[in-house]
Protein chains: 2
Amino acid sequence: MYRPQNLRIPGPTFVPQAVLSASARPLINHRGPEFAALLAGMTRALQDFLRTRGDVFLLTASGSGAMEAAVANTLSSGDKVVVFVNGAFGERFHQILRAYGVDARRVEVPWGRAVDPDVVRDDLARERGKDGSKAVFVTHNETSTGVLNPLKEIAAVVRESGKLLVVDSVSGAGAVDLDVDDWGIDVLVTAAQKAWGAPPGVSMITMSERAWKAFDRSNLPKAYFNLQTYKAQLEKGATPATPAVTVYIALQESLRLMAEEGLDSIVKRHRDLAFATRRGLQALNLAIFADEAFASPTCTAFRMPTRLDSRNLIRVLREEHDTIIAGGQGRLEGQIARVGHMGFVTIQDMLSFFSALELTLRGFNQPVEQGVAISAALRAYAEATQPPARTPVASRR
Amino acid sequence: MYRPQNLRIPGPTFVPQAVLSASARPLINHRGPEFAALLAGMTRALQDFLRTRGDVFLLTASGSGAMEAAVANTLSSGDKVVVFVNGAFGERFHQILRAYGVDARRVEVPWGRAVDPDVVRDDLARERGKDGSKAVFVTHNETSTGVLNPLKEIAAVVRESGKLLVVDSVSGAGAVDLDVDDWGIDVLVTAAQKAWGAPPGVSMITMSERAWKAFDRSNLPKAYFNLQTYKAQLEKGATPATPAVTVYIALQESLRLMAEEGLDSIVKRHRDLAFATRRGLQALNLAIFADEAFASPTCTAFRMPTRLDSRNLIRVLREEHDTIIAGGQGRLEGQIARVGHMGFVTIQDMLSFFSALELTLRGFNQPVEQGVAISAALRAYAEATQPPARTPVASRR
């Protein structure tokens, strides 16, 4: 029986057939001229999307590997750093830092809330005069809670302090406003299977000139993730170790499709679809977990109705409606569900999600008037994307 | 213009369309039941192929990443180890060990020669009574020179010494005789794009009980490559970080095709095709770089005729005949060429390679009677695969 899945976890996300088919082309030599051209073109495209003239490297590893590369290439054993943690991925940064013997001070922010730039300023100000921390680690888009931290403002504060700024934008970059050079981000990591709409296996990392200076002083062990070897090989059109060629080729096709749409349109589409998603959920009386002002454009976390465990909701969505969403991580397990809307996502995908959600809630004896969420989401989407029609017009295009 | 390539580098190797197409299926949830079943099945299949009841983990990284995992999960800073180096991949192990601050003593073996088990025995014997090394690092199949080290005999010597045995079998496992448990190999790494005939991006690593004991004492930093987190997640049917799902699915299909053929047949096929390849090259008066007794079943390195730089040969093979082979690495650049015959390779693929090679050599004004290498390779293959026909028979099948 043909049962297409609606994959709506916060990454890996839906990958267009054109991208998948590109990845199924016959293998090529990863040290030949064809790959060199591909790598050069992808690097330029990523520099454009991330708005940087600095280095961008493609690693054969998932986003966590790139996060580790960010640590190992900039720090030394015993270095002091600050990590702002408002979700599971901030915790992951902290774990990696601890695994490497870095003295990582953790600043807790309630889950579902954003990291407040004033909190960052006050925190860093208290360090003045002391043997302060060398770098600040921040999560841009926290998929565990559906929060987008105000990175531009945080970056401005960190720049004032003169510390290195390392950003996990694994699930943000490519879908949200971001300007690596203008905002002064020293190291930023992202991953192919998130907003870039490609299969997993490749992650990307930027390095500013300040980050390279930190590299020169860094003594943490690095081999597979040594970015200096990436830089030396990139100049020859290659990678230090065998790259995940088929995933690179898929990502190349994703980048091509994204360039066609244009980054501004992509950012607006994500914002509009996230808005529509929140209105649809609210029409079902499902509370959004995040502060609305900092709600993520790529992932929405929502609370359950009383006496419904999100694991059961997720199971029925999958088993009966082929709709795949994610649950709460860590302390939020069972309490929230998370729906992804990143990459090549359309309003139709979200309406399909809502149709499954409405049917599922009905199955759990929740008082749901069928169609209410779909209608609310579509109304919100129309409101966000179309100016109100004042006079009848023959055609909008 | 349709110009199919004959990709004959020593990995990534040719990937069958069935495997590529499998990798182009719509993405699935890497934390759902479908992926859990896939991961469990692949782990069992790999245990069968590698002949181990110990742990096997699939990492989202190339073989060099798995080599790093082997180091980081078993050793501590300042530990003494011995590395036997008879090619570029032995050097890579040494580089990784040094990057991690391990006191790695390097035993040099001339490139093109095998690591002699007696040399290993004598070397380890000299350590007796002293503060000896904790582990021995060996390359199984050295693709930089086309040498297969006699791992079974080396392993027996290392077992006597009581030291940990860590093996890079990136380009050997899946194509050559190997019995991880019976031979007593503690850690072995291999990679999807080599003999397993899948795209690159996933590598595999085994851990014996002794290796886990070493893990418990190890203090090297590890996060992305921490195998304890892999073990904990595998029990839940998942991986610590997002896996390269499409490459996993490709590898699953490769493993299915390999199980159909059977490991004994696969090993014999590689041996026979390597033999045919050497005879074809010798018919062109191209000397095999490796000792014949230890010639690799997966990759053959051969010397150039006088006054021919292998880079030129390789360029013309690629530009005029769409045949892609590799050059010499490091000190052998320009001097040798390397042809891969691993994974889903047939005698027809090798005859196609020889047809291109014969035409190319002719173009370089080498005295080549066209057809001589093809005929020699085919004769050798027939000799290896078919008993001499003594009486006319109606049918061999």
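This is a predicted model: local features need pLDDT of at least 70, side-chain atom pairs count only at pLDDT 80 or more; totals for chains, interfaces and linings use all residues.
In helix H13 of chain A, the buried residues are A:Ile347, A:Met350, A:Phe353, A:Phe354, A:Ala356, A:Leu357, A:Glu358, A:Thr360 and A:Leu361.

**Helix H13 of chain A**

- The helix runs over residues 347-363, a stretch of 17 residues, and from its first C-alpha to its last it reaches 24 Å, which is close to the 24 Å expected at 1.5 Å a residue.
- Its buried residues pack against strand E1 (6-7), helix H11 (263-283), helix H12 (310-321), strand E12 (323-324), strand E14 (336-340) and helix H14 (372-385) of chain A.
- Just after H13(A) comes A:Asn365, which takes a positive phi of about 60°.

**A:Pro26 and its surroundings**

- A:Pro26 is found in the loop that lies between helix H1 (17-23) and helix H2 (33-50) of chain A.
- A:Pro26 counts as partly exposed because it has 13 C-beta neighbours inside 10 Å.
- Although A:Pro26 and A:Thr246 are 220 residues apart in sequence, their C-alpha atoms are 8.7 Å apart in space.

**Where chain B touches chain A**

- On the two sides of this contact, 45 residues of chain B meet 45 residues of chain A.
- Helix H1 (17-23), helix H3 (63-72), helix H4 (88-99) and helix H10 (245-261) of chain B are the elements that each give two or more residues to the side of chain B that touches chain A, and H3(B) gives the most, with four residues.
- Sorted by class, that side of chain B has 25 nonpolar, 17 polar and three charged residues.

Terms used:
Residues are numbered from 1 along each chain as its sequence is written. Chains are lettered from A and ligands numbered from 1 in the order in which they are written. Two residues are in contact if their C-beta atoms, placed from the backbone, lie within 7 Å. Ala, Val, Leu, Ile, Met, Phe, Trp, Tyr, Cys and Pro count as nonpolar, Asp, Glu, Lys and Arg as charged, and the others, Gly among them, as polar. A residue is buried if 20 or more other C-beta atoms lie within 10 Å of its own, exposed if 12 or fewer, and partly exposed in between; C-beta atoms are placed from the backbone. The expected span of a helix is 1.5 Å times one less than its number of residues.
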